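Here's a quick tour of some strand pairings and ring contacts. Keep the viewer open while you read.

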Amino acid sequence: MTDTLRDAWVIARKDLSIEFRTRSAFFSAVVFALLGLVIFYFAWDPTAVSVTDLAPGVLWVIFTFSGLLGLHRSFGIEIQDHAIDGLLASPISRESIFLGKVTANLIFVAAVQLVAIPALVLFYNLPLGDVFAPLIAIAILAAVGLVAVGTLFSAMAINTRLAELLLPMLSLPFFVPIVIAASQSTAKLLSGRPVAEAGAWIKLLLAFDIVFVAISTLAYRFTVDD
Amino acid sequence: MSSKISAGGGPIVEVAELTREFGRRRAVVGVSFALSAGECLALFGPNGAGKTTLLRVLAGLLRPTSGDARISGIPLPGGPPARARVGLISHRNMLYEALSARENVAFAARLYGVSDADERVEASLQRMSMLERADAPVRSLSRGMQQRVSIARAMVHSPQLVLADEPYSGLDESGARALTTLLRELRSSGTAVIVVTHNLSEGLSLATHAAMMQRGRFIRYEAVDGIDAVAYATSYREALAGD
Amino acid sequence: MPRSSKTKLPWLPTVAGAAVLATVIRAAYFTPLEAKQGAAQKIFYLHVPAAWVAFLAFFLVAVASGVYLWLRDVRLDRFAESSAEVGVVFTTIVLITGPLWARPIWGTFWAWWDVRLVSTLFLWFIYVSYLVLRGAIDSPPLRARYSAVLGIMGAFLIPFIHLSVYLFATMHPMPIVGKPSKPSLPNEMLLTLMLSLMAFTLLYFAFLRSRYELATERDAFADTVIDDA
């Protein structure tokens, strides 16, 4: 088990080194998120909808779509020069490869959110109050689910003819429960309800994460072993 | 210098009636051979004959459909223990272009759990004369240099079996010389090697055994000792023409 | 496998067709009108069985996918493919009849609080992605493996959609004009419903079988093309 985690970290470090070298996917995702915030702002009539009603939807939709940008490149780097064969021919387990990529993607998504969430608060004058900590918890849970499913589908989509189209198409139905749960719980928190009322949604997110991290990890080997 | 996992005396590769099918397409059919430590098999054949597929099965990238294949006694699919003993050189270099040569080789060292990784990485790079540009991103290197890095990467864990799929392609003079020296050294240190090549004379001079493959089968398999190079070349041309 | 000759009537589609016809006639003429909903309620006898088949078909896709990953028998993949194509058609019927029924009864075309309807919508999304995925992969073994993974993932998604919509609905009660509580069906209607369910299930198997046979013939033809190459 520790071998798997250690090997996964070797993979994650490698992916992050590559991303850090070029930074292009990160900047694209950040710019996309910021532009999304701007566009939604101008599409908004503040007299009709309050900021605490608008913000959750905007945040989680942007989170989802900017996440997809990062996910595509996760296996994109392995396709060049068949680097994936190098991983598959090595002694590390398939689960380590998957978990390593999930870890790298999670860090990527977290990094984008570290820019996007403060930008949202700033651009929209969102009164956060003391919901900051629960909000981060929701963001982490949502990110785990998104990344688990997205990484699996990214591994599959990369080997198909319509890779850029197929990844969102396959993933988005699975992202819906995440977005619903994250938006609804964020909305409850922002309108000053006690955390307990968002409890059901947070439990849903947790259950989703547990189930989908498990089955995605188990399913990964079927996308590579022949 | 290199500590090799002991082969225990038996053959390093043993293949019996190995078959690999893709749906109805039979890429490898009933292939049988064995290689012991220090032996080298040169594998010739037209494109599409199944040479790459055979190597990919031995490397653990594909499962056998039927038949028996063992790496150091471990039956395939052998999982991590079998894959740890094999080094794969392909004409796709399997490198990460954004990383440097050193980083690519070091990454491989970590994947294979190599002890004394730093030293082994340097030694591997040096053998392929890649120390000088070891820190440049791989994308800035020439094709020949990339191939050298790829070879250094495949060797860093001192595999018992080296599978080289057209390793000379893209190499320049000095790279080719370094590779030939390396392959000879590997043989004398007890590594088994399988080389796929279109270059008959190069292959026959390196190898102890030679096989000719066509449509998934070994149509010829013999020891190199006693091969009439001219006759071999003729039968090779016939095989290419007949395909 | 003996081909059904043109002179003999293939029994499954015939029986299924007869059953559907019988059901339609019974539903239209021999089943009483529901008091509150009137004639529009009769779409129920089309909508509910279609939904049953849609989910049955997907359940079978998921099971076939799981067994395929274990046994790697190409017939399981053909079965899954066939069930998915038939299933998507029935799912589309549900999504069309749903709003047609909802509008006169509930005053709205689409009901986000209706857990089953929204789950069916997501079933449709999964079916379509499944079929698009299959269309985007040329290699048959890869296509079979990948679709099998999607089939299984989809099976795990549906309960979460169900739960999300349920939570959403309980937390956001919507102003609805005359949302019906679950009616207890009088025997006449229950019988029609049962008949309808049986007829649609037979229809599903009839379509499934012919689609499966088509897939088998297509693969056999593709194999001869490979052999000749």
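This is a predicted model: local features need pLDDT of at least 70, side-chain atom pairs count only at pLDDT 80 or more; totals for chains, interfaces and linings use all residues.

## Charges over rings

A charge sits over a ring if NZ of Lys or CZ of Arg is within 6 Å of the ring centre and within 35 degrees of the ring normal. By that rule, Arg23(A) has its charged end over the ring of Phe20(A), 5.2 Å from the centre.

Residues are numbered from 1 along each chain as its sequence is written, chains are lettered from A and ligands numbered from 1 in the order written, and side-chain values use heavy atoms, with hydrogens and water left out.

## Ring pairs

Over all chains there are 29 aromatic pairs. Here rings of Phe, Tyr and Trp (its six-membered ring) pair if their centres lie within 6.5 Å; planes under 30 degrees apart count as stacked, over 60 as edge-to-face and the rest as tilted. One cluster linked by ring pairs takes in Phe153(A), Phe174(A), Phe208(A) and Phe212(A), along with Phe160(C).

## The sheet in chain B

Now for the strands (DSSP runs of E, at least two residues; helices are runs of H or I, at least four; both numbered from the N terminus). Two strands pair if DSSP finds at least two bridges between them. In chain B, four strands make an open, antiparallel sheet in the order β2-β1-β4-β5. Its edge strands are β2 and β5 (74-75), each pairing on one side only. Helix α1(B) (residues 51-58) packs on this sheet, touching β1, β2 and β4, and its direction makes about 115° with that of β1(B). Contact means heavy atoms within 4.5 Å; axes are lines fitted to C-alpha atoms, for helices over the stretch in contact, with angles from 0 to 180 degrees between N-to-C directions.

What joins β1(B) to β2(B)? Seven bridges do, between residues 13-22 and 25-35, and Glu14(B) stands opposite Ala34(B). Two residues separate the strands of this hairpin, and Gly23(B) has a positive phi near 65°. Five bridges tie β1(B) to β4(B) (residues 66-71), with Thr19(B) opposite Ser66(B).

## Another hairpin

Strands β9(B) (209-214) and β10(B) (217-223) run antiparallel, joined by six bridges. His209(B) has Ala223(B) as its bridge partner. In the two-residue turn, Arg215(B) takes a positive phi of about 45°.
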